[in-house]
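The following exercises concern one protein model. Please study the sequence and the structure, and then work through each solution in order.

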Amino acid sequence: MMLQLKPPLAYAPRLSKEKACSVYLKREDLQGIHSFKHRGAYNKIAHLRCEEKSRGVIAASADNHAQGVALSVQKLGIDALIIMSKTTPSIKVDAVRVWGQRLNCTAIVTPRPTHTAESG
């Protein structure tokens, strides 16, 4: 799996015909995590000061953003702790762990809260 800073564009003939112009689609689905979510994570992490990078990154996410953080820290050589809810589908947890196996990136599944602030 790989991080592409510029994924390929694909000409969309039907959309082009319908809109009477040339339409190209950016193929984010060809990214290693099949999403554009890594872009924001990578940009933020890459621009941290050296001191901040040396302390590592902590993220709480159960979405593709968690995969983006895991991929980004793996590429940048930074430690990370990614916290995911117990209700996170195992396919998402496993996807983050795949990136984490290549570096010190740990996916921790937190227990589901037993009560909320609203329920007292």
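**Exercise 1: The surroundings of Val23**

Leaving aside neighbours within four places in sequence, Val23 is in contact (heavy atoms within 4.5 Å) with Ala10, Tyr11, Ala12, Leu15 and Ser16. The model is predicted: local features need pLDDT of at least 70, side-chain atom pairs count only at pLDDT 80 or more, and totals for chains, interfaces and linings use all residues. Residues are numbered from 1 along each chain as its sequence is written, and side-chain values use heavy atoms, without hydrogens and water.

Task: Determine where Val23 lies and whether Val23 is buried or exposed.

Solution. 
Step 1. Val23 belongs to the loop between α1 (13-19) and β2 (24-26); helices (H or I, at least four residues) and strands (E, at least two) are DSSP runs, numbered from the N terminus.
Step 2. The C-alpha atoms of Val23 and Ala12 are separated by 5.6 Å, although these residues are 11 residues apart along the chain.
Step 3. Val23 counts as buried because its relative accessibility is 14%; buried means under 20% relative accessible area, exposed over 50%, and partly exposed in between (1.4 Å probe, protein chains only).

**Exercise 2: Strand β3**

Task: State which side chains of β3 are buried, and which residue stands opposite Ile58.

Solution. 
Step 1. In β3 (residues 57-60), Val57 and Ala59 point to one face and are buried.
Step 2. Opposite Ile58 stands Leu81 in β4.

Note on methods. Two strands pair if DSSP finds at least two bridges between them.
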